[in-house]
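This report describes the helical packing, the surface and selected residues of one model. The sequence and structure are shown first.

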Amino acid sequence: MSATGTSWCFAALLFLIGTVGVLIRRNALIILMSVELDAQRRDMTLLTFSRMWGDLSGHTFALIVIAVAAAEAAVGLAIVVAVFRGRRNVDVDRLTTLRH
């Protein structure tokens, strides 16, 4: 199997794990980690396309996406920590304070 085929399989596996983690788990930290796995899948796909077509602009765009994902993870973790400090629970089924 070629390098791009292996990358596609790995990206599909990351997508599957991330989607299952978001749909099945109820802990906000696990859901946040699953969303980050999906972000890594996006980056892997961008880099695979970039390598397949021989264009370096995909690498630049992937670097920007990684920076935005890091900021997103920091904000998400801050929200989860703030909710945990106030409620002592991060189970998404029990969190109703964000609805109002």
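Aspartate 38 counts as partly exposed because its relative accessibility is 21%, where buried means under 20% relative accessible area, exposed means over 50%, and partly exposed lies in between (1.4 Å probe, protein chains only). Aspartate 38 forms a salt bridge with arginine 41, and the closest N and O atoms are 2.9 Å apart. A salt bridge is here a side-chain nitrogen of Lys or Arg within 4 Å of a carboxyl oxygen of Asp or Glu; by this rule the count comes to 1 salt bridge. Both aspartate 38 and arginine 41 lie in helix α2, 3 residues apart, which is about one turn of the helix. Helices are DSSP runs (H or I, at least four residues), numbered from the N terminus.

The model is predicted: local features need pLDDT of at least 70 and side-chain atom pairs count only at pLDDT 80 or more, whereas totals for chains, interfaces and linings use all residues. Residues are numbered from 1 along each chain as its sequence is written, and side-chain values use heavy atoms, with hydrogens and water left out.

Helix α2 (residues 28–53) packs against helix α3 (residues 57–87) at an angle of about 175 degrees, and their axes are 9 Å apart. That angle makes α2 roughly antiparallel to α3, a term used for angles over 145 degrees. Axes are lines fitted to C-alpha atoms, for helices over the stretch in contact, and angles run from 0 to 180 degrees between N-to-C directions. In α2, the residues that meet α3 include Leu32, Val35, Glu36, Ala39 and Leu46; among their counterparts in α3 are Phe61, Val65, Ala69, Ala73 and Leu77. Contact means heavy atoms within 4.5 Å.

Alanine 69, in helix α3, counts as buried because its relative accessibility is 3%. Leaving aside residues up to four places away in sequence, alanine 69 touches Glu36 and Ala39. Serine 34, in helix α2, is also buried, at 6% relative accessibility. With the sequence neighbours up to four places away not counted, serine 34 touches Gly18, Gly21 and Val22.

A nonpolar surface patch of about 780 Å² is made by Phe10, Leu13, Leu16, Ile17, Val20, Val22, Leu23, Ile24 and Val35. Helix α1 (residues 3–24) contributes the largest share of this patch, 8 residues. Patches consist of residues with over 30% relative accessible area and no salt bridge; like charges are joined within 9 Å, and nonpolar side chains (Val, Leu, Ile, Met, Phe, Trp, Tyr) within 5 Å. The accessible areas come from the Shrake-Rupley method with a 1.4 Å probe, and for residues only the protein chains shown count as cover. Leucine 23, one of the patch residues, is found in helix α1 and counts as exposed because its relative accessibility is 60%.

Two further residues of helix α1 are alanine 12 and threonine 19. Alanine 12 counts as partly exposed at 44% relative accessibility, and threonine 19 is partly exposed with a relative accessible area of 30%.

| Residue pair | Separation in sequence | C-alpha to C-alpha distance |
|---|---|---|
| Alanine 12 and threonine 48 | 36 residues | 12 Å |
| Threonine 19 and valine 35 | 16 residues | 7.9 Å |
| Alanine 69 and valine 81 | 12 residues | 18 Å |

How values were computed: Helices (H or I, at least four residues) and strands (E, at least two) are DSSP runs, numbered from the N terminus. Angles under 35 degrees count as roughly parallel, over 145 as roughly antiparallel, 65 to 115 as roughly perpendicular and the rest as oblique.
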